[in-house]
Amino acid sequence: EPTFVFAHSLVTHSPYYYGPNGEEVNPPSMDYEHYVYSIEFANKNMVKIIDKLLDVENHPIIIVLGDHGTE
């Protein structure tokens with residue numbers, strides 16, 4: 001039976017807790033450099049997650065939507 005799953009990740013919302021490889025930033029940061037690091041970390045993990053989701057027989061429909069950016 002079809003299932004709808006909604007997942008919202010707060011990784012790219014300030015304050016930024018993670019470096020580009022998932023290492024903890026302590027104390028959490030609010031600067032642009034750490035924003036970019038959190039995006040790098042999220043992107044690396046999204047690729048892994050999507051690859052695992054696509055490796056199933058039921059052919060999922062995956063929509064990736066970002067809520068940050070300048071445009």
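Does Tyr32 count as buried or exposed, and at what relative accessibility? At 63% relative accessibility, Tyr32 counts as exposed, where buried means under 20% relative accessible area, exposed means over 50%, and partly exposed lies in between, with a 1.4 Å probe and protein chains only.

The structure is a predicted model, in which local features need pLDDT of at least 70 and side-chain atom pairs count only at pLDDT 80 or more, while totals for chains, interfaces and linings use all residues. Residues are numbered from 1 along each chain as its sequence is written, and side-chain values use heavy atoms, with hydrogens and water left out.

**Overall form**

The chain holds one helix and two strands, and from the N terminus on these elements run β-β-α; helices (H or I, at least four residues) and strands (E, at least two) are DSSP runs, numbered from the N terminus. The radius of gyration of the chain is 14 Å, well over the 11 Å that the globule rule gives for 71 residues, so the chain is more spread out than a compact globule. That radius is taken over C-alpha atoms, and the globule rule is 2.2 Å times the number of residues to the power 0.38. Along the principal axes, the C-alpha atoms fill a box of roughly 45 × 25 × 20 Å. Of the 71 residues, 15% count as buried.

**Aromatic pairs**

A search of the whole structure finds three aromatic pairs. Rings of Phe, Tyr and Trp (its six-membered ring) pair if their centres lie within 6.5 Å, and planes under 30 degrees apart count as stacked, over 60 as edge-to-face and the rest as tilted. Two of the pairs are set out here.

| Pair | Centre to centre | Angle between planes | Class |
|---|---|---|---|
| Tyr16 and Tyr35 | 5.7 Å | 55 degrees | tilted |
| Tyr32 and Tyr35 | 6.0 Å | 40 degrees | tilted |

Tyr32 and Tyr35, by contrast, are three residues apart in helix α1, so they are separated by about one helical turn. Tyr16, Tyr32 and Tyr35 form one aromatic cluster, and within this cluster Tyr16 is buried, with a relative accessible area of 8%.

**Prolines and a positive phi**

Pro20 is found in the loop between β1 and β2 (24-29), and at 15% relative accessibility Pro20 counts as buried. Not counting residues up to four places away in sequence, Pro20 touches Tyr37, Glu40, Phe41 and Lys44, where contact means heavy atoms within 4.5 Å.

Two other prolines follow cis peptide bonds: the bond from Ser14 to Pro15 is cis, with omega near 0 degrees, and the bond from Asn26 to Pro27 is also cis, with omega near 0 degrees. Pro15 is found in the segment before β1, whereas Pro27 lies in strand β2.

In the segment after α1 stands His59, which has a positive phi of about 50 degrees although it is not a glycine. His59 is exposed, with a relative accessible area of 67%.
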